Amino acid sequence: MSKIKKLFVDYEDDTSFLEIFCNSKGKISVRISDCIGEHIIAIDISTAISFSKELRKEINIAKTFNEYE
């Protein structure tokens, strides 16, 4: 298994970031770091799939708002 992490850094404030990776137990971990601290959640595959579908739906809704700006 490859050891790959995706890191998303806030372009306005380099101290905030979101990191997504698969841990050694097969759970998908999301680490959120900001000025308040660091928070890690671990979700199973089925929850990750459901979350990704919901995220895609919210992205499409956000796109419709941005079309009118």
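Predicted model: local features only at pLDDT ≥ 70, side-chain atom pairs only at ≥ 80, totals over all residues.

Student: Which pattern does the chain follow along the sequence?

Tutor: One lists the helices and strands in order. Here the chain has 4 strands and 1 helix, and the order is β-β-β-β-α.

Student: How many of the 69 residues count as buried, as a percentage?

Tutor: The figure is 13% of the 69 residues. The accessible surface of the chain is about 6,100 Å², and carbon and sulfur atoms account for 60% of that area.

Student: What share of the contacts between residues at least 6 apart in sequence join residues at least 24 apart?

Tutor: That share is 0% in this chain.

Student: How many disulfides does the structure hold?

Tutor: A disulfide is a covalent bond that links the sulfur atoms of two cysteines. This structure holds 0 disulfides. As for accessibility, C22 is partly exposed, at a relative accessible area of 39%, while C35 is exposed, at 74%.

Student: Which elements each supply at least two residues of the lining of the largest pocket?

Tutor: To read a pocket, one asks what lines it. The largest pocket has a volume of about 320 Å³, and β2 (17-22), β3 (28-33), β4 (38-43) and α1 (45-67) each supply at least two lining residues. The greatest contribution, 6 residues, comes from α1.

Student: What classes of residue form the lining of the largest pocket?

Tutor: The lining comprises 11 nonpolar residues and 1 polar residue, with no charged residues. Among the lining residues are L18, V30, I41, F51 and S52.

Methods. Residues numbered from 1 in each chain as written. Heavy atoms only, no water. Buried < 20%, exposed > 50% of the residue type's maximum accessible area, 1.4 Å probe, protein only. Contact = heavy atoms within 4.5 Å. Areas by Shrake-Rupley, 256 points an atom, 1.4 Å probe, with all protein chains shown as cover. Disulfide = S-S within 2.5 Å. 1 Å grid on protein atoms, 1.4 Å probe; cavity = no way out; pocket = protein on both sides within 12 Å on 5 of 7 lines; lining within 4 Å. Points joined across faces, edges and corners; volume = space filled by probe spheres on them. Nonpolar A, V, L, I, M, F, W, Y, C, P; charged D, E, K, R; others polar.
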